[in-house]
Amino acid sequence: MLVSLIITPMFIRFALKMNATDKPNHRKMHTAPIPTLGGLAIFISFLIGLLILQPASEYHLPIISGALIIILLGFFDDVYNLSPRIKFIVQLAVASLVVFWGGLQVEFINLPFGGQIEFGFLSSIVTLLWIVGITNAINLIDGLDGLAAGVSAIALFTIAGMAVIMGNVYVATMALILFFSTVGFLRYNFYPAKIFMGDTGALFLGYMISVLALLGFKNVTIISFIIPIFILGVPISDTLIAIVRRYINKQPLSRPDSSHLHHSLVKSGFTHKQTVLFIYALSTMFSLSAILFSMTTVWGSILIFSISLLAIQILIENLEMINSEFKPLTNFIKGIRQKS
């Protein structure tokens, strides 16, 4: 964290010299160009933490190799604005590196009432989709000052805490190193931001969180398998909602829009800072739900899961995150009231 606090101002100057700035447009909330490449400060702080603590695992070399490629991808995207196709191909290649060289795969999950689901040849595909999906999910929520960094920090702290409970020293160490690197950067990234992490940081954080979550919770019961999904509840739900929204509204899936959770909250009257703090609170609630999942019974977990889905649906309909007509829950309640 200390290293991150010291070197981030250096990268502010470096980004300005390279003219690597995020220009304002109709989708973005800032009104003046902001230096980007802040992800390099997070990455270098993380590397120094690795050199000090030297965590060891059979997966370590493939994970760090993938991280280096992701950082390069984000850097070139921030400077040259790469096409979505190129980014997807490189992300898939990085995920393949971890899956096929590192051997990190979700091969099966145990069912809570007995039995087991074997993924078989689909295990590689499931793992690839998880890594690429979470990598992009963090990138998609990077729309307000401090948003992606704060949500990532909450997720990393939760992953570290759960890893400590499960006795996974490697995941706990890696997650805490990255957590403190991100918190140091957040000092300059919180509203009003002096620097953005850019795709350099968002893709790196997304990639590392996806891999650490997978390492920490793979091959456990299906209820526990939901733990990493809950920890990453905000970026995952926002991404899934965006996919549904673009499908229903007949828009290309790769086409950006201004109807993400943070956009919708600002449109509904929240200030920039209030929106970020609200999403921090939402992320914390998801993380607490994940912890409860690991402590409660199967039926208790199902109850928590159901309540969470209901809360997300209420949020979607009130903020009109799909469109103004997509309100099945509201219409259902109205129908019951009319009948009564």
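Which residues do ring pairs link into a cluster?

## Basis

The model is predicted, so local features need pLDDT of at least 70 and side-chain atom pairs count only at pLDDT 80 or more, while totals for chains, interfaces and linings use all residues. Residues are numbered from 1 along each chain as its sequence is written, and side-chain values use heavy atoms, with hydrogens and water left out.

## Aromatic pairs

The cluster linked by ring pairs consists of Phe-43, Phe-46 and Phe-204. Rings of Phe, Tyr and Trp (its six-membered ring) pair if their centres lie within 6.5 Å; planes under 30 degrees apart count as stacked, over 60 as edge-to-face and the rest as tilted. The count is 11 aromatic pairs. One of them, Phe-43 with Phe-204, is edge-to-face, at 5.2 Å centre to centre and 85° between the planes. Phe-43 belongs to helix α2 (residues 39–53) and Phe-204 to helix α8 (residues 198–217), so this pair ties together parts 161 residues apart in sequence. Helices here are DSSP runs (H or I, at least four residues), numbered from the N terminus. Both Phe-43 and Phe-204 are buried, meaning under 20% relative accessible area; exposed means over 50%, and partly exposed in between (1.4 Å probe, protein chains only).

Phe-76 and Tyr-80 form a stacked pair, 6.0 Å centre to centre with 20° between the planes. Both lie in helix α3 (residues 60–80), four residues apart, about one turn of the helix. Phe-76 is partly exposed at 38% relative accessible area, and Tyr-80 is exposed at 56%.

## Backbone

The peptide bond from Tyr-191 to Pro-192 is cis, with omega near -5°. Pro-192 is in the loop between α7 (169–189) and α8.

Gln-54, in the loop between α2 and α3, has a positive phi near 50° without being a glycine. Lys-250, in the loop between α10 and α11, is also not a glycine and has a positive phi of about 55°. Gln-54 is exposed at 60% relative accessibility, and Lys-250 is exposed at 78% relative accessible area.

## Second largest cavity

A cavity is a set of points, on a 1 Å grid over the protein atoms alone, where a 1.4 Å probe fits but cannot get out; lining residues have an atom within 4 Å of a point. The lining of the second largest cavity is Ile-141, Leu-147, Val-234, Asp-238, Leu-261, His-262 and Ile-279. Helices α10 (233–248) and α11 (261–267) each supply at least two of its lining residues.

Note on methods: On a 1 Å grid over the protein atoms alone, a cavity is a set of points where a 1.4 Å probe fits but cannot get out, and a pocket is an open set with protein on both sides within 12 Å along at least five of seven lines; lining residues have an atom within 4 Å of a point.
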